[in-house]
Number of protein chains: 2
Amino acid sequence: MKTFEHLFEPRAIAVVGVSDDSARPGTQALRALVKNGFQGRLFPVNPKYEAFDELPCFASVDAIPEAVDLVVIGVPAGGVLAVLESCARKKVGYAVILSGGFRESGPEGIERERRMLEIAQAAGIRLLGPNCLGFANIHAGVYAAFGSITRPPKLQRGSVSLVTQSGGFGYSIALACAEAGIGFRHVIATGNETDIDTIQLINALLDDDQTRSIIAYIEGTSDGRALLDVGRRALAAGKPLLLWKGGVTEQGAKAAESHTASMTGTYDFYRALFRQTGIVEIQELHEAVDYLLAFEGRRYPTGNGVAVMGVSGGSAIVFADAGERRGLHLCELAAQTQEALAGVVPHIGAVHNPIDLTAGYFSAANQAKLETAVRATLADPGVHALCVNLATTGQAGSLAAAQVLVRVAQESAKPIVVFSSTPVAENAQALAEFAKGAVPVLRSPSRAARAVATLMDYRRVRERLLASPAAADSGEAAAAATVQAGKALSEAESKAVLAGAGIPVSRDVMVPGPGMLAIEGLRLPLVVKVVSPDIPHKTEVGGVRLGIASQAALDEAIAEVLANARRHVPHARIEGALVSEMVQGGFELIAGVVNDEVFGPVVVVGAGGIYAEVLEDTASRIAPFDAATALDMLGELRCRPILDGVRGAPACDVSAIASALAALSRFAWAHRDQVREVDINPLFALPDGVVAADALVVPL
Amino acid sequence: MKTFEHLFEPRAIAVVGVSDDSARPGTQALRALVKNGFQGRLFPVNPKYEAFDELPCFASVDAIPEAVDLVVIGVPAGGVLAVLESCARKKVGYAVILSGGFRESGPEGIERERRMLEIAQAAGIRLLGPNCLGFANIHAGVYAAFGSITRPPKLQRGSVSLVTQSGGFGYSIALACAEAGIGFRHVIATGNETDIDTIQLINALLDDDQTRSIIAYIEGTSDGRALLDVGRRALAAGKPLLLWKGGVTEQGAKAAESHTASMTGTYDFYRALFRQTGIVEIQELHEAVDYLLAFEGRRYPTGNGVAVMGVSGGSAIVFADAGERRGLHLCELAAQTQEALAGVVPHIGAVHNPIDLTAGYFSAANQAKLETAVRATLADPGVHALCVNLATTGQAGSLAAAQVLVRVAQESAKPIVVFSSTPVAENAQALAEFAKGAVPVLRSPSRAARAVATLMDYRRVRERLLASPAAADSGEAAAAATVQAGKALSEAESKAVLAGAGIPVSRDVMVPGPGMLAIEGLRLPLVVKVVSPDIPHKTEVGGVRLGIASQAALDEAIAEVLANARRHVPHARIEGALVSEMVQGGFELIAGVVNDEVFGPVVVVGAGGIYAEVLEDTASRIAPFDAATALDMLGELRCRPILDGVRGAPACDVSAIASALAALSRFAWAHRDQVREVDINPLFALPDGVVAADALVVPL
């Protein structure tokens with residue numbers, strides 16, 4: 001590990017807070033280091049002892065006569081600051097603070113945490129914690145941890161690293177993975193993240209050659225942009241980043257607030273970020289297990305065509321059900337493929353997809369036939385991935401299948417996944433063989449389908465990002481600051497600003513009164529609205545007239561709305577009348593920008609009209625983004641098919657909508673220090689373009 | 001087991017098809033019976049042997065000198081009919097046909113299956129299979145089965161029975177349950193279901209005192225009403241029925257068709273049936289495990305208030321996230337409860353919900369405190385269920401918690417569930433203790449939340465059913481047959497029929513020409529439409545006029561639509577003009593009846609207008625049903641909030657909609673032999689009622 005090198009690979013560790021009470025965090029950490037064979041120097045610290053567990057024991061950190069890279073602090077909260085001061089004197093690089101009693105425990109703890117950071121920063125000490133279970137570098141036997149991390153079962157060495165804001169729950173993820181045979185590199189609980197946080201750690205793990213996949217549990221971050229960056233870095237590096245976001249519902253967020261005072265943020269924006277970065281969201285322990293296993297093979301389907309073969313028709317059906325919901329397709333097999341299969345599949349089986357090998361097919365005697373069947377299927381150009389259903393096949397048959405599948409998998413660029421429900425205890429040999437070849441064995445056909453779909457989705461997002469890595473920031477330099485923070489904009493000014501940013505708007509002309517605007521050159525019909533900062537609801541005072549198609553009607557309408565406004569709101573400041581081209585037909589969308597505390601500017605688009613608030617049919621993306629991303633975003637809307645024309649209506653100009661959203665995202669990013677919010681309602685999607693008919697830009 | 005008694009508890013079994021080849025199904029079955037200690041008489045049958053595995057062997061079934069209850073047939077398909085004829089001569093009661101090569105394998109197999117049933121029915125033999133893994137009565141050691149059922153691990157005795165149309169996949173469910181410590185009564189694979197089918201078996205299991213919960217995997221049934229009935233029986237009996245429906249997507253159904261030629265049916269209607277019967281749908285193996293464990297306690301939350309306590313804040317957050325999505329609520333705890341908790345929870349913990357007991361709380365030393373905390377929480381009137389998060393707590397702490405929780409659970413009517421991620425191998429003692437008290441231990445907090453929600457939902461549906469068991473069929477006797485099969489109905493006739501059934505319709509008057517209808521007594525405005533069997537698209541020929549509000553306009557409109565129709569479609573048969581009261585305002589729904597091949601009449605309701613086809617926002621229920629069920633159904637619609645009034649619109653009369661849907665369901669049921677389809681489009685939901693503005697009743 002290049003970053004935080006001497007935190008995770010310390011040459012010498014001091015453990016403060018060892019005691020005869022074996023339940024004390026310090027005691028647990030020291031014993032875990034010894035038990036797991038930590039190779040460096042180890043110094044227990046407690047002024048009461050001369051020696052502890054046969055190691056010389058020191059009165060304080062600065063009493064240690066040798067250099068110390070890392071100090072593990074397990075004393076009660078009240079003693080932490082003094083220990084840290086001693087670390088400062090000793091010029092220690094890193095401290096892991098296991099103790100609780102900080103920010104999470106009230107005003108006194110908040111002050112203690114503030115002081116702690118002050119001392120650390122002054123001395124250049126980097127902190128992990130407080131209020132955490134610590135970390136374990138599984139490869140090097142560095143267990144700077146207490147609690148469940150130090151208890152059996154011992155994690156095996158592997159290439160997955162885990163970072164978690166919640167020690168208790170995060171370690172549950174590690175245990176579930178361990179049970180499925182997944183090995184680990186680093187397991188890190190970050191607790192209060194006073195200094196080192198999850199995102200910094202993920203960044204460091206991306207630079208760690210021994211880490212190939214990263215899984216994280218977070219409740220929130222205050223820096224969504226840093227998460228976006230690390231997500232993109234992970235995708236570019238081809239290291240899958242799996243993330244469980246806690247606190248995604250109202251009640252979950254409330255519980256998180258009382259847990260670590262984390263800012264949980266808007267879940268919709270997290271999900272947008274996941275889609276933009278290929279971060280794989282997980283919401284159940286077995287998803288962590290399945291996807292980590294599947295990624296282990298580093299083979300990704302280039303399309304959605306899947307072939308299913310095996311001995312259980314029911315399993316194939318369950319695979320198909322789950323796969324269809326995630327966009328997989330049980331493709332037709334080519335005639336040539338079916339011919340090849342017919343030579344090795346019993347005649348009471350089936351050579352179309354799903355391929356029925358018939359009961360008992362997996363056996364040592366059938367290995368050559370199975371290999372022919374698998375190779376023929378993988379050679380089919382419509383097949384992008386293969387699922388082999390062993391179902392309840394016993395150990396002998398499973399092992400025979402494993403030998404064939406591992407051999408074929410190593411020569412194939414297409415992923416193979418296996419479903420087996422044979423209990424692990426009855427199937428160890430076969431499972432070991434599969435693991436050797438990185439062929440993932442999933443515990444249900446539906447889980448197998450979702451694993452394949454996850455690989456497919458990951459590749460898609462990755463190809464998009466790698467194809468246009470620079471698109472993200474393209475707008476920034478070009479945009480001039482056309483909005484000033486603190487200076488309110490009228491509707492007309494807002495539309496002018498957006499038009500300048502490349503978003504088509506309906507044409508408006510502001511006039512002081514009738515007889516001052518010629519109708520020539522305007523696209524009829526027109527709308528006339530009174531303009532007054534004192535009249536928010538224009539319709540109610542007769543301040544709006546629609547469908548104006550002649551010069552006479554225009555002048556009459558202008559006079560009328562001004563007169564109505566004066567009569568109903570006598571003291572209103574009236575600035576004039578706004579004459580707008582009326583947009584007709586098309587489909588009403590709403591679009592906008594939220595300049596979010598956590599994520600910065602985010603663009604949101606949704607269905608307009610009566611369904612907007614009821615269906616909450618919206619999609620969002622972190623700004624800036626390109627038109628291809630905008631198309632993806634539109635694809636998430638339930639109302640999306642309407643844009644292609646339903647009930648004989650013409651199709652809307654979807655690429656114009658996408659361009660407008662991308663332009664809006666560039667504007668939002670360029671003006672992130674000036675603009676609080678943009679509301680475009682409605683944004684008309686038309687057969688030949690898109691028009692913002694009404695808009696408001698709200699400055700910061 | 002009362003029904004099928006001598007199938008599942010045979011006094012004597014003959015096994016046909018034993019051989020030196022230990023892989024033969026017959027050999028496997030015989031050996032499984034011996035190995036599992038079958039207590040009755042056992043007769044191997046094969047003319048080649050005098051004795052088999054030290055048992056006297058017979059040349060044929062009718063050569064056996066004693067009475068035989070059950071014959072297990074494992075010979076190749078071609079020999080099955082002869083064996084069955086021998087069974088007929090022997091007057092055997094039951095046969096299990098393990099052999100494949102019937103309906104699933106082409107025309108020859110179809111004919112063989114037909115003949116097989118003919119022989120069996122003539123002789124009064126009941127058949128299980130063919131093309132099945134057989135069954136095992138775990139309590140009595142009757143293993144009339146081959147393949148994975150007979151292989152290790154041996155299922156433990158318990159109170160769950162499994163019925164599955166797919167042996168391979170169904171047994172995967174059993175294995176997953178067995179791994180989680182769930183014991184079984186019967187495990188039955190039904191194969192082609194030529195005679196005995198899944199529904200008959202579920203019915204029999206409802207009468208089996210040793211079966212307390214039933215789980216089934218089905219791909220389809222041809223008799224949806226039988227499934228409805230058995231679902232209702234199970235609910236009334238308080239025996240949870242869990243069901244995995246395979247083939248629920250387009251591709252899944254296609255795979256099922258090639259698997260067993262099952263009729264997969266319309267998934268929406270299955271889901272309606274599940275909601276009407278409390279059948280618990282499962283779609284993943286761990287759901288089977290979790291819900292069976294949860295039901296074991298037979299305690300159901302009377303509301304959605306849940307308290308969460310434990311040592312892991314992250315776990316509480318994950319519980320809250322998953323719970324909110326399923327309708328659970330982390331309730332506020334009463335002041336009295338919080339006071340009681342404050343006495344036993346460390347001050348750095350939390351006594352509000354979720355309750356933070358602080359790390360390391362679960363221990364032998366803390367048992368009395370934990371008991372106080374648990375009792376105080378369960379005594380809170382807002383708490384309907386409790387989740388205790390042990391998370392990664394080790395064996396000693398888990399066992400301490402188990403002893404307390406089991407003791408309290410036995411005295412509490414409120415369910416307690418536990419989340420533990422400690423590996424089973426490290427936690428056997430604690431898990432045994434929990435199992436003893438039927439306190440379910442779930443493997444993730446989200447799974448714990450869904451288990452609680454499932455218990456809650458089950459109770460709700462059960463209370464509804466028990467409160468109005470007769471509501472289901474109330475309409476049948478009352479309705480007269482007002483529709484004749486084969487005789488088409490016009491729009492006007494259709495509306496009249498529906499009005500007669502109690503569904504409010506807009507008033508229509510058919511007139512031959514202008515000057516023949518006085519406007520008095522009609523609610524204005526009116527709509528005029530030409531009526532002609534030759535003009536399906538009236539608007540396109542100028543055959544519709546809206547918004548008519550005077551006598552003169554009415555007569556002019558009638559004359560105009562007739563003239564337009566004659567001009568545009570010169571040879572059209574024109575029956576006259578239909579004058580209708582125009583419905584204004586309100587919200588457009590669509591409603592209808594599908595007389596389904598599998599389920600009989602089903603009522604469907606959905607959002608109308610442009611979103612109808614795009615959103616597929618529909619809900620359905622099997623007819624007949626009451627207004628309370630109709631309200632549930634409306635509650636499933638995404639557009640449901642619109643009915644309560646949005647954007648200042650008045651609320652619609654939801655109870656009138658429900659009454660109309662219930663009336664429609666009674667009509668559909670009463671006319672199930674006459675009506676193929678009913679389409680009401682639109683059905684206007686108004687502030688003061690509901691009106692079918694257009695309708696068509698399509699006879700069979």
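**How chain A and chain B meet**

In this predicted model, the contact between the two chains draws on 79 residues from chain A and 79 residues from chain B.

In general, two copies of a chain are related by a rotation about an axis together with a shift along it. Here, a turn of 180° and a shift of 0.1 Å along the axis place chain A on chain B with an RMSD of 0.2 Å. The two copies are thus related as by a two-fold rotation axis.

We can now turn to the interface itself. About 6,100 Å² of area is buried between chain A and chain B, and carbon and sulfur atoms give 57% of that area. Between chain A and chain B, 34 residue pairs are in polar contact, counting pairs in which both residues have pLDDT 80 or more. On the side of chain A that touches chain B, the largest share comes from helix α11 of chain A (residues 313-325), which supplies 9 residues. Sorted by class, this side of chain A holds 33 nonpolar, 28 polar and 18 charged residues.

Charged side chains also pair across the boundary, for 6 salt bridges are found across the interface of chain A and chain B. A salt bridge that the reader can look up in the structure joins the side chains of A:Glu179 and B:Arg443, with 3.1 Å from N to O.

Key: Residues numbered from 1 in each chain as written. Chains lettered and ligands numbered in written order. Predicted model: local features only at pLDDT ≥ 70, side-chain atom pairs only at ≥ 80, totals over all residues. Heavy atoms only, no water. Contact = heavy atoms within 4.5 Å. Buried area = accessible area lost by both parts, 1.4 Å probe. Salt bridge = Lys/Arg side-chain N within 4 Å of Asp/Glu carboxyl O. Polar contact = N/O pair within 3.5 Å; in protein donor to acceptor, adjacent residues only side chain to side chain. Helix = DSSP H or I, 4+ residues; strand = E, 2+ residues; numbered from the N terminus. Nonpolar A, V, L, I, M, F, W, Y, C, P; charged D, E, K, R; others polar. Least-squares fit on C-alpha atoms with pLDDT ≥ 70 in both.
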